[in-house]
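These are my notebook entries on what I looked up in this model, kept in the order in which I went through it.

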Amino acid sequence: MTFDSLQLSAPLLKALAEEGYTQPTPIQEQAIPIILQGRDVLGCAQTGTGKTAAFALPILQRLDQGLNAPKKRVIKGLIVTPTRELAIQIDDSFKAYGRYVNVRHTVIFGGVGQQPQVDALKRGVDVLVATPGRLLDLMSQGYISLKDIELFVLDEADRMLDMGFIHDVKRLIAVLPAKRQSLFFSATMPPSIVKLAGTILTKPLQVTVTPVSSTVETIDQMLIYVEKIDKGALLIDLIERNKLDSVLVFTRTKHGADKVSKALSKRKIRSEAIHGNKSQNARQRALTQFKNRQIQVLVATDIAARGIDVDSLACVVNYEIPNVPETYVHRIGRTGRAGAAGKAFSFCETTEKPYIKDIEKLIGRKIPVGSSSLFSQPQH
Ligand code: AMP
């Protein structure tokens, strides 16, 4: 199955090719045609399954086609998601997939000053990605009207309820136009969620994909507690001792990615860093070298690693533990593809321990703890 056969427009296909996506994920395969037909969707899918593109692509296509030289842009697509991180990721996806279509989007979330967000809204947007609190806040101040909404997405509905947003969600639904298309996504479908979905959707088609946790189960995961200062030595030791090739190393920051890559190069381990400060060309070149096995280690930030799909990746290393638990699942999902056994090592320093708790909650299991070979006594 290719993206072409999903009836996506040429500008979207071009953007997808540039993202390095070659084929749709199961949720995309199932949901995109239904959304393009204008039907409501009840999607049972977690982050990491490609669900963002599953709704962003058809939304971009529908809005792009409906936008014949509008006089003034009004918000026609609304995506509500529980956390600031998810909101930013979704907005980034609209940016990436929508780079060749004439659809303007912006993102709003709490915890930061509202003025830049208000300014962006005043310039006019077609798609708004929002967390519930800030959305209601700006609505009550008169900066946002939902009366022209044609497409509404409620993302991560179960988490939304867990986080206590039920009343906010109900207030939102109450002001949405009755005639609209709604897409509802949740990782789990307990009765409370099914009931909420019933109040939002009209004759929905249900789309379900295998939960990420079962994908994660095929990956051999190990957690290693290590002081921050020793992480570099541990990485080198891990690679050399296990003769690992094709290792994808994740860092949280661009600077961190460069630092790790430099340290590896000093040890004659061929590596490159990819992150947002590198040109698209440089990133593509590094990726090609990695795919061709010309370099052994690719050090990447999460954003830069999007769309990386390398066959038989031996191992993923979380040099730093992500503070968003879903990111862990994204990262380690890069290994062990298509039934091949994959390995994922996570280097955890003291301050990162709380993140591990969140991750274990999300994946529903404890990550086995391994000892760092650096500090283990030689065997006699
Ligand atoms: P999501 O579940 O939407 O958070 O997406 C998970 C990750 O998969 C993101 O990093 C996307 O960039 C990536 N992704 C989504 N769709 C595809 C695809 N068809 N091919 C390769 N990567 C994809």
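With which residue does D126 form a salt bridge, and how far apart are the closest N and O atoms? Working on what is a predicted model, I found that D126 pairs with K76, with the closest N and O atoms 3.1 Å apart. I then placed both partners: D126 sits in the loop between α5 (115–123) and β4 (127–130), and K76 in the loop between α3 and β2 (77–80), so that the pair links distant parts of the chain, 50 residues apart.

R99 forms one with E19, where the closest N and O atoms are 2.5 Å apart. R99 lies in the loop between α4 and β3 (105–108) and E19 in helix α1 (residues 10–19), so this pair ties together parts that are 80 residues apart in sequence. I noted that R99, at 35% relative accessibility, counts as partly exposed, whereas E19, at 18%, counts as buried, the cut-off being under 20%. K366 and E360 meet through their side chains in a salt bridge of 3.3 Å, N to O; here K366 is exposed at 67% relative accessibility, but E360 is buried at 13%. I also recorded that K51, D155, E156 and R159 are joined into one network by salt bridges that share partners.

Entry on the domains. I took the chain as divided into domain 1 (3–208) and domain 2 (214–376), and I found their C-alpha centres 30 Å apart. The contact takes 13 residues from domain 1 and nine residues from domain 2. The area buried between domain 1 and domain 2 is about 880 Å², with carbon and sulfur atoms giving 45% of it. On the side of domain 1, T47, Q89 and R159 supply 38% of the area buried against domain 2, more than any other three residues. When I looked for salt bridges between domain 1 and domain 2, the count was zero.

Entry on aromatic rings. I listed three aromatic pairs in the structure, one of which is formed by F55 and F185, a tilted pair with 5.5 Å centre to centre and 40° between the planes.

Entry on two single positions. A257 is in helix α12 (residues 254–266) and counts as buried at 0% relative accessibility. Leaving aside residues up to four places away in sequence, I found A257 touching T251, A273, H275, V299 and T301. D92, in helix α4 (residues 84–97), counts as partly exposed at 26% relative accessibility. I noted that D92 and I303 are 211 residues apart in sequence and 9.0 Å apart in space, C-alpha to C-alpha.

Notes:
Residues numbered from 1 in each chain as written. Predicted model: local features only at pLDDT ≥ 70, side-chain atom pairs only at ≥ 80, totals over all residues. Heavy atoms only, no water. Phe/Tyr/Trp six-rings, centres within 6.5 Å; stacked < 30°, edge-to-face > 60°. Domains from an automatic or database assignment. Contact = heavy atoms within 4.5 Å. Buried area = accessible area lost by both parts, 1.4 Å probe. Salt bridge = Lys/Arg side-chain N within 4 Å of Asp/Glu carboxyl O. Helix = DSSP H or I, 4+ residues; strand = E, 2+ residues; numbered from the N terminus. Buried < 20%, exposed > 50% of the residue type's maximum accessible area, 1.4 Å probe, protein only.
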